[in-house]
Amino acid sequence: MTEHTHKVIVVGGGITGLSAAYYLQKQAIEQGLEIEITLIEVAHRLGGNIQTLHKDGFVIERGPDSFVSRKNSIQQLAKELEIEDRLVQSAPGKTYVAVENNLYPIPVGSVMGVPTNFGSFLTSGISSWFGKARALGDFVLPASTTVEDQPLGKFLRRRFGNELVENLIEPLFSGVFAGDIDRLSLTATFPELLKTEQQHRSLIRGLKKNRISDYRAFNTEKKGMFQTFEGGLETLVRTLEVELENCTILKGVKVEKLERQNDQAKLRLNNGATITADGVIFALPHVKLLPIFEPLGLLRGLKEMPSTSIATVSIAFPEGAVKPVQDCMGFVVARNSDFTITACSAAHLKWPSLTPPGKTMYRSFIGRVGDEAVVELSDQEIVKAVLEDLHKLLDIQANPEFTVVSRMKEAMPQYIVGHVERVALAKKELLEALPMVQIAGGSFEGFGLPACVDQGKAAANQLIERFTAEPFSMEGNSQ
């Protein structure tokens, strides 16, 4: 009897979908399975938000510029793809916080803004003496009486008071999530904070004792915490596309309708074609999934998840045009300050090998919950606003050589309170109604690049397990 060829469709050609297709192909080869993979991407290029621009010797990222190096998902993938020798480590340096019109270095030993080095914290000008005294109240406050989900901001304000949260902790969390910490879910963003409090009562004491490295992404004075590739992140995208030699890739094609057909899924495309598959992985943002699944009465709870649009502005200067701030790799901005930008990195210092000699580049971010409208301004208006902000904080003595504005619409899903339960329910409903369908990506279990690779791999593994565990249905294959 001839072994059945399993047909799998991966919808979405971002890093999650590419990872899913890659690991499906890899597992099929290793386990001797016949799998026919089709990857469908609505755009005419792969990579999703990953988009690298090469201009005048600069390597400019129009989306994410790196990934956290302590999470080894991408390093392992790079090793398998034989491009690990092209990994580039970010340079060490300090992150500052802009409060009003002043830049303050993050106190040494801070863990996402939580002080663990008292000498550095007490001598910092980032908080008043009253604010510092209130923050140290963490040592005497009892642990939370509930272990249920709660707003991240509520949890942090209870421990440290408003001033430290507003001036230091919130800008750092906002820099990661582009969100409102008073709506973000504690259990979906940093569940270890609640666990640490429950174990040690004092969050400061617990973080100092445990030295949780996962929270030290902004403490890079001694070693850079991020990585990219020579030539930028599109190096990974291009390599994956070449590696998918046994995969059919359809670009400029959109899935418009999904229905169940016995043990298979049937997809209707915008070009009029239909495809029937034994397994489907939807690697799309939740806002793109809803029109497909809502007619089936599925994933409706995901409508409660908002998304934020952001933009980046890369500005090139000749060397010496901007007087550097001591060891400043970049800064985040306190929400209570009068700025359009939310963060800025000195890209030429962070990635010196990706910057031409004699040049500098500052990459600023705009857009967050409650301030999305700024992203819709014209390029000229955005650049003007960003330069006005930079002039308040940096000594700029020359005009830019060029600017690049990049927009990412609804790119930052907001993990608001109840997120973990919301996603679990959506996946449970999906398993019961369409067991051959998986969902994965930044809307669900982490939107950093390593988390997306992990989710793509996990979705691929789940389909492989389904194919190897369940007997083949002749009825399902007769269509």
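Let's start with Thr-38, which sits in strand 2; strands here are DSSP runs of E with at least two residues, helices are runs of H or I with at least four, and both are numbered from the N terminus. Before we go on, please note that this is a predicted model, where local features need pLDDT of at least 70 and side-chain atom pairs count only at pLDDT 80 or more, while totals for chains, interfaces and linings use all residues. Residues are numbered from 1 along each chain as its sequence is written, and side-chain values use heavy atoms, with hydrogens and water left out.

Is Thr-38 buried or exposed? Thr-38 counts as buried because its relative accessibility is 11%; buried means under 20% relative accessible area, exposed over 50%, and partly exposed in between, using a 1.4 Å probe and protein chains only. Leaving aside residues up to four places away in sequence, Thr-38 touches Val-8, Ile-9, Val-10, Cys-247, Thr-248 and Leu-250, where contact means heavy atoms within 4.5 Å.

Ile-35 is also placed in strand 2, and with a relative accessible area of 14% Ile-35 is buried.

Now for the cores. In soluble globular proteins, nonpolar side chains tend to be buried together. A nonpolar core here is a set of buried Ala, Val, Leu, Ile, Met, Phe, Trp, Tyr and Cys residues joined through side-chain atoms within 4.5 Å. Which residues have the most contacts inside the largest one? They are Leu-24, Phe-229 and Leu-236, in a core of 40 residues. Among the elements giving two or more residues to this core are strand 1 (6–11), helix 1 (15–31), strand 2 (35–41) and helix 15 (449–469). A second, separate core has 32 residues, including Val-114 and Leu-152.

Finally, a pair of helices. The axes of helix 5 (residues 152–160) and helix 6 (residues 162–177) come within 9 Å and cross at roughly 140°. That makes helix 5 oblique to helix 6: angles under 35 degrees count as roughly parallel, over 145 as roughly antiparallel, 65 to 115 as roughly perpendicular, and the rest as oblique. Axes are lines fitted to C-alpha atoms, for helices over the stretch in contact, with angles from 0 to 180 degrees between N-to-C directions. Helix 5 contributes Leu-152, Leu-156, Arg-157 and Phe-160 to the contact, and the helix 6 side includes Ile-169 and Phe-173.
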